[in-house]
Amino acid sequence: MISAIVPTLGAAGRLARLLPSVRASLAASGQASEVLVVDDGATLAPVPEGARVVPLDPARGYGPAVNAGARAAAGDLLLVLNDDVRLDPDCVARLAAALPEREVFAVVPAILSPLAGCGDEAGKAGRWRAGWVEIEEAAAGARGPTLYPVGCCFLCRRASFLELGGYDESFSPYFWEDVDLGWRAWRRGLATLRVPEARCHHEGSATIGGFAMEQRLAAWQRNRTLFHLLALADPGRRAACFGALAAQALFDGRPAALGGVAEGLAAFAAGRAPAAGGLDDDEILARSRTA
Amino acid sequence: MSAAERGPAGEVLRRVLEAARAEGALEGERLAEFARALQERAELILAERVTELERELAWRREAMAGLEQRAQGLADENAWRREAMQGLADENAWRREAMQGLADENAWRREALQGLAEENAWRREAMQGLEARSSRLQADLAASRADLEAAAGTERAYRELLSHHHGLLGRLASDLDRAAELSVLRLRALRTLLRQMAEALRQDAR
């Protein structure tokens, strides 16, 4: 059974417009399915047709909302979606067919979006640059690995998701939680694969578009800092990360950016331990690059 | 200078160094990694900031050029407006002069009109005098005509009377001739004839 999990911040109109494509794609997969709309903030009205609503009051952000949906889901497969995506009818069937039993955490369709420079948000690769992992778009091609399952659409096994601990809720409300999830999966040797023949259409930033630019910059800096401090295992890479953070403190004069870094450091200092064991950092980047 | 004195950036740096120190990232080979990343990241940030500043500078230059163009445009427009104002002032002065001329002409015309009005009044009075005199003359003429007609009637009456008297005298003379031719024997007839003559005279004497 496939459980589609769609967190939303009260976007009833968008859901009414886009959920039918999700239901149709689920139905076309030939598997039993359900749609769980996680009502982040419990403001959703009316309830979308054909969906089970999981209320979250107060609102807790994208990661916690997906986690709540995963806990409430009845399916063994989770189709995680943003509320501003439309699926091609055969999308779910193609994703389900491409998800092997082992060694793959998630499969991601082509995510066609105006946000992506190459037109497809799904392909992501990381490279070291001046102390940090820099995320790059990987152009669409054949089926292959990608660094992380972009949060707006992926299919994974519920058991894998829960074993990984789901999204790390300290990244709430948004940004970098999907990189962190994919990185943790890769650390355990579980790949994320892109399946370009499955297609999803993303309207783009419909959820976080309502936040002010300064707020988004601060959240981005906070979670990038937190990701590196939590995810990197190699002591040399971690030292380089601190060097990059020191450079940012010294030379980036933007108050929102500095505030974000300070918050990231504080979140890490609150009793968190860096990653250990599994694939090393360089290997994760190497394996996750599209061949 | 303490981190607090260096402001928020100093405080963030303090926390970064504290966390790095706690992991031993500032020791041995790791310090080299730290320093290299710091240098590379600093270069990136500064390059980004320079790019941003250059972009902003270019934008400001464009904006400045636009403003200068606008200022030049406004200056040109101002000069044109000043010229137009001068033209309008000149035209105004000319109009004022023309107005003065028209006012003078108007005053002259008013005076002339006053003279004509006075002349008119005088003429009207003279006309009234003439009309009165004419009426009187016409009345005199009518009276004269009436007198003339009356005189003509009298003359006609006199002429008729004269003609009547001539006729009467002629008949009396004829009657007297007949009476003279009568014989003495025909006294009675004479008498009758005389009486008839007397009666005719009597009637004419009334």
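Mentor: Let's start with the hairpin of β7(A) and β8(A): two residues sit between the strands, and A:Ala130 there has a positive phi near 50°. Strands (E, at least two residues) and helices (H or I, at least four) are DSSP runs numbered from the N terminus. This is a predicted model, where local features need pLDDT of at least 70, side-chain atom pairs count only at pLDDT 80 or more, and totals for chains, interfaces and linings use all residues. Residues count from 1 along each chain as its sequence is written, while chains are lettered from A and ligands numbered from 1 in the order in which they are written.

Trainee: How many bridges join β7 and β8 of chain A?
Mentor: Six, in the antiparallel sense, between residues 124-129 and residues 132-137. Strands count as paired if DSSP finds at least two bridges between them. A:Lys124, for instance, has A:Glu137 as its bridge partner in β8(A).

Trainee: And what's the mean pLDDT of chain A?
Mentor: It's 92, with 96% of residues at 70 or more. pLDDT is the predictor's confidence in each residue, from 0 to 100.

Trainee: Switching to chain B, what's its secondary structure?
Mentor: Three helices and zero strands. The radius of gyration, taken over C-alpha atoms, is 72 Å, well over the 17 Å from the globule rule for 206 residues, so chain B is more spread out than a compact globule. That rule is 2.2 Å times the number of residues to the power 0.38. The C-alpha atoms fill a box of roughly 220 × 35 × 30 Å along the principal axes.

Trainee: Is α2(B) mostly buried or in the open?
Mentor: Seven of its 154 residues are buried, so α2(B) lies largely in the open. Buried means 20 or more other C-beta atoms within 10 Å of a residue's own, exposed means 12 or fewer, and partly exposed is in between, with C-beta atoms placed from the backbone.

Trainee: Which ones are buried, and what covers them?
Mentor: Among them are B:Phe34, B:Leu38 and B:Ile45. Their cover includes α7 of chain A and α1 of chain B.

Trainee: How many residues does each chain bring to the contact?
Mentor: Chain A brings 24 and chain B brings 25. Residues are in contact if their C-beta atoms, placed from the backbone, lie within 7 Å. On the chain A side, α7(A) gives the most, with 15 residues.

Conventions. Contact = placed C-beta atoms within 7 Å.
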